[in-house]
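Here is a short report on one protein model. Look at the structure first, then read on.

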Amino acid sequence: MSYKSGFVSIIGRPNVGKSTLMNNIVGEKIAIMSDKPQTTRNTIQAVYTDEEAQIVFLDTPGIHKPKNKLGEMMVKSAEDAFRNVDCIIFVVDDSKKIGKGDSMIIEELRKTKTPVFLVINKIDKLENKEELFELIQMYDEQGVFEEIIPTSALKGSNIDELVSVIKSKLSEGPKYFPDNMITDQPERILVSELIREKILLYTNDEVPHGVAVSIEKMKKRKDRDMIDISAVIYCERDSHKGIIIGKGGRKLKGVGKSAREEIEFLLGSQVNLQLWVKVKENWRNLPNYINDFGLNENRD
């Protein structure tokens, strides 16, 4: 039997579960997850490999109306992922109506010749099968999708079916990455994203979008199994700095403890994590800072 391979973009509005879906497919946590929208800022590449195929997934930032330079970069990154892939997965949630955001994406998908699969995520929230049937019928009437696959990325429902459908559309091809490789993201990026995820979990709604994490130091000690990591959390306002640190530094300690545990699992080593919080006003509109934080506007 011939081996198949290809590239697949995962697109959709913010907060529909794209990152959770991708993490579940590859079986590892590659992209951070949060119930807050616009969590993913870059296109993240994850690799699924089995005996039949290798699928390279591009998890993109949610497509939304940008309000700053960072938002513009995120939307451009997502729209670029329409191109030069073998198929597209469009993820929606259990919403009963097709909103403006989804309608805009659907109109763009009508222009592409690339096969498009619709994933209706969060079906565990539906009360009965009748509601699911109505959702499938509503999207099927759009005449855009080759397949419609209902899933619960959180619970792992129908993930195997989705992978099987993707494989059916791939052509014969090589393995682009080694069998044990599941992402092309550098460890520094994965570490900074894990820290940012914990900030999203621990802070209020007004803080997360104005937060970036810069890894200043990441060095393994020679005399013992320990990695020293120093990271700076940048926010846009003094009030946000106070929220992140919390009364008596308790919130920042919670962020650090929670992040350190996952980083140790990721790196397979003990970690000494030091966190600082600094204010850089309006950094999301400053290209130099966007580049410094690994959120390059001019990516290929």
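## A helix across a sheet

This is a predicted model. Start with helix H6, residues 187-202. Helix H6 lies across strands S8, S9 and S10. Its direction makes about 130° with S8.

Helix H7 spans residues 238-245. Helix H7 also packs on the sheet, where it touches S9 and S10. The angle between the directions of H7 and S10 is about 155°.

## The sheet itself

The sheet is open and has three strands, in the order S8-S9-S10. Its pairing is mixed. At the edges are S8 (212-220) and S10 (270-279), and each of these pairs on one side only. From one strand to the next, the twist averages 15°.

Now look at S9, residues 226-235. Strands S9 and S10 pair in the parallel sense, over 10 bridges. Tyr234, for example, has Lys278 in S10 as its bridge partner.

## Two nonpolar cores

In soluble globular proteins, nonpolar side chains tend to be buried together. In this model, the largest nonpolar core has 24 residues. Those touching the most other members include Leu21, Ile25, Phe57 and Leu162. Strands S1 (4-12) and S3 (53-59) and helix H1 (18-26) are among the elements that give two or more residues to this core. Helix H5 gives the most, with five residues.

Which residues does Ile25 contact, leaving aside its neighbours within four places in sequence? They are Tyr48, Phe57, Ile159, Leu162 and Val163.

Another core lies apart from the largest one. This other core has 23 residues, including Ile199, Ala231, Ile233 and Leu275.

Definitions and conventions
Residues numbered from 1 in each chain as written. Predicted model: local features only at pLDDT ≥ 70, side-chain atom pairs only at ≥ 80, totals over all residues. Heavy atoms only, no water. Pairing = 2+ DSSP bridges. Helix = DSSP H or I, 4+ residues; strand = E, 2+ residues; numbered from the N terminus. Axes fitted to C-alpha atoms, helices over the stretch in contact; angles between N-to-C directions. Contact = heavy atoms within 4.5 Å. Core = buried A, V, L, I, M, F, W, Y, C linked by side-chain atoms within 4.5 Å. Buried < 20%, exposed > 50% of the residue type's maximum accessible area, 1.4 Å probe, protein only.
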